[in-house]
Amino acid sequence: TASGNVTGTNGVSDDRGISGSATTGKVNITVNNGASVIATGGTDAIAADTTTGNITIDTTAGGAISAADDGIHVTTTSGTVNILTSNSITGGGTGGASGAGDDGISAVASGAAIINIDAIGSQIGGGGDGIYANSAGGQIRVGSALNGGYIDTNFLGSITNAGIQTVNTT
């Protein structure tokens, strides 16, 4: 849990702002108390990865999330992913192929993981996609819980691919 601002390349856990990793256990990252997470060294602001464990990232009570790469980046094989946001999130501005980085929010599952993303913040931006979700067979839900089931945010003009892009490779 980050209750105060996190800035720079030497954040919590590694060179990202905040990161968490587990093979079979859960990864829970919470940003609250209006805290901002800003990664300045070409990395993700918030990153999490698991093999089979679930991931929950909740920034609904936090401040701005900003990075030179992805604002929020999650990878898993088969664990359920829950990303809950209600703040400004921006990824890097260099663009590129979808899911290749520079996204506002990116969630990628190499197996049949369920991905849930809720975003009701003031804005989402990035050089690639605003929200990118890719699951090899699992359900992808964008806008499923926080705001009556829909996204309520502004997608910034820096996005070069899509505001929301989902890929399911079943």
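In what order do the strands of the open sheet of six stand? The order is β2-β5-β8-β11-β14-β17, with parallel pairing. The legends below begin with the whole chain and then turn to single regions.

This is a predicted model, in which local features need pLDDT of at least 70 and side-chain atom pairs count only at pLDDT 80 or more, while totals for chains, interfaces and linings use all residues. Residues are numbered from 1 along each chain as its sequence is written, and side-chain values use heavy atoms, with hydrogens and water left out.

**Figure 1. Overview of the protein.** The protein contains 17 strands and zero helices. Both kinds of element are DSSP runs numbered from the N terminus, helices being H or I of at least four residues and strands E of at least two. Of the 170 residues, 47% count as buried, where buried means under 20% relative accessible area, exposed over 50%, and partly exposed in between (1.4 Å probe, protein chains only). The accessible surface comes to about 6,600 Å², and 44% of it belongs to carbon and sulfur atoms; such areas come from the Shrake-Rupley method with a 1.4 Å probe, and for residues only the protein chains shown count as cover. Among contacts with a separation of 6 or more, 76% join residues 24 or more positions apart, a contact being heavy atoms within 4.5 Å.

Figure 2. Two strands pair if DSSP finds at least two bridges between them. Strands β2 (18-22) and β17 (164-168) stand at the edges of this sheet and have a single partner strand each, so one side of each is left without a neighbour in the sheet. On average, neighbouring strands are turned by 5° against each other, direction ignored; axes are lines fitted to C-alpha atoms, for helices over the stretch in contact, and angles run from 0 to 180 degrees between N-to-C directions. Five bridges join β2 to strand β5 (residues 46-50) in the parallel sense. Within β5, Ala47 stands opposite Ser19.

**Figure 3. The open sheet of five strands.** Here the order is β3-β6-β9-β12-β15, and the pairing is parallel. The edge strands β3 and β15 (140-142) each pair on one side only. From one strand to the next, the twist averages 0°. Strand β3 and strand β6 (residues 55-58) are joined in the parallel sense over four bridges, and Ile29 stands opposite Ile57 in β6. In a regular strand the side chains alternate between the two faces of the sheet.

Figure 4. How many of the five residues of β12 are buried? Five of its five residues are buried, and the strand is mostly covered. Ile115, Ile117 and Ala119 point one way, and Asn116 and Asp118 point the other way. Strand β9 (residues 81-85) pairs with β12 (residues 115-119) in the parallel sense over five bridges. Across this pairing, Ile83 stands opposite Ile117, and Asn82 has Asn116 as its bridge partner. Three bridges in the parallel sense join β12 to β15, where the bridge partner of Asn116 is Arg141.

**Figure 5. The largest nonpolar core.** In soluble globular proteins, nonpolar side chains tend to be buried together. A nonpolar core is a set of buried Ala, Val, Leu, Ile, Met, Phe, Trp, Tyr and Cys residues joined through side-chain atoms within 4.5 Å. The largest such core here has 31 residues, and those with the most contacts inside it are Ile46, Ile57, Ile72, Val74, Ile83, Ile105 and Ile117. Leaving aside residues up to four places away in sequence, Ile57 touches Ile29, Ile46, Ala48, Ile72, Val74, Asn82, Ile83 and Leu84.

**Figure 6. Two buried polar residues, Ser106 and Asp129****.** Ser106 lies in strand β11 (residues 105-109) and counts as buried because its relative accessibility is 0%. Residues up to four places away in sequence not being counted, Ser106 touches Asp70, Ile72, His73, Val74 and Tyr132. Asp129 is found in the loop between β13 (123-125) and β14 (131-135). At 0% relative accessibility, Asp129 also counts as buried. Its side chain reaches the backbone nitrogen of Ala162 at 2.9 Å.

Note on methods: A polar contact is a pair of N or O atoms within 3.5 Å; within protein, one must be able to donate a hydrogen and the other to accept it, and residues adjacent in sequence count only if both atoms are side-chain atoms.
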